Amino acid sequence: MKKCIVTVLGKDTVGIIAKVCTYLAENEINILDISQTIVQGYFNMMMIVDVTDLKKDFTTVCDEMEALGKEIGVNIRCQREEIFEKMHRL
């Protein structure tokens, strides 16, 4: 299984989760774990997703998710799990 970490951060508005999850479902990306909080009007979500069945290039998906984030007013980042773990091991 190939995993990816997706983070979403920005001012809370209606539909953030719906739009992000719709994109993931349309691209056959399964959510394995999800954590979401809202602190003083700021939305923060972290997901671990399975990208094993991805039909597009991983970089393309990351770019499209970043563009989706700009469209809905949040910052969306994607990282492969192994890179995320190595960065946070220091």
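**Exercise 1. Describe how strands β1 and β3 pair, and name a partner of T7.**

Solution. Strand β3 (residues 42-50) runs antiparallel to β1, and 9 bridges join them. Helices (H or I, at least four residues) and strands (E, at least two) are DSSP runs, numbered from the N terminus, and two strands pair if DSSP finds at least two bridges between them. In β3, M46 is the bridge partner of T7.

The model is predicted: local features need pLDDT of at least 70, side-chain atom pairs count only at pLDDT 80 or more, and totals for chains, interfaces and linings use all residues. Residues are numbered from 1 along each chain as its sequence is written, and side-chain values use heavy atoms, with hydrogens and water left out.

**Exercise 2. State how β1 and β4 pair, and name the partner of V6 in β4.**

Solution. The sense of the pairing between β1 and β4 is antiparallel, over 7 bridges. The partner of V6 in β4 is C78.

**Exercise 3. Sort the residues of α1 into a buried and an exposed side, and find what covers the buried one.**

Solution. Buried in α1 are I16, V20, Y23 and L24. Seen down the helix axis, these residues fall within an arc of 100 degrees, so they line one face of α1; the arc is that of the directions from the helix axis to the C-beta atoms. An α-helix has 3.6 residues a turn, so residues three or four places apart point the same way. A25 and E26 are exposed on the face of α1 turned away from its buried side. The cover over the buried residues of α1 includes β1, β2 (30-39), β3, α2 and β4. Just after α1, E28 has a positive phi of about 55 degrees.

**Exercise 4. Carry out the sorting for α2, and describe its length and ends.**

Solution. Helix α2 (residues 58-72) has 15 residues and reaches 21 Å from its first C-alpha to its last, close to the expected 21 Å; the expected span is 1.5 Å times one less than the number of residues. Its buried residues are F58, V61, C62, M65, L68, G69 and I72. They cover an arc of only 120 degrees around the axis, which puts them on the same side of α2. K70 and E71 are exposed on the other side of α2. Among the elements covering the buried residues of α2 are β1 (3-11), α1 (16-26) and β4 (74-80). At the N-terminal end, D57 caps α2 with a side-chain oxygen 3.2 Å from the backbone nitrogen of T59. Just after α2, G73 takes a positive phi of about 85 degrees.

**Exercise 5. Which residues touch the most other members of the largest nonpolar core?**

Solution. In this core of 23 residues, they are V6, V8, V20, L24, V49, M65 and I76. A nonpolar core is a set of buried Ala, Val, Leu, Ile, Met, Phe, Trp, Tyr and Cys residues joined through side-chain atoms within 4.5 Å. At least two residues of the core come from each of β1, α1, β3, α2 and β4, and α2 gives the most, with 6 residues.

Definitions and conventions
Buried < 20%, exposed > 50% of the residue type's maximum accessible area, 1.4 Å probe, protein only. Contact = heavy atoms within 4.5 Å. Polar contact = N/O pair within 3.5 Å; in protein donor to acceptor, adjacent residues only side chain to side chain.
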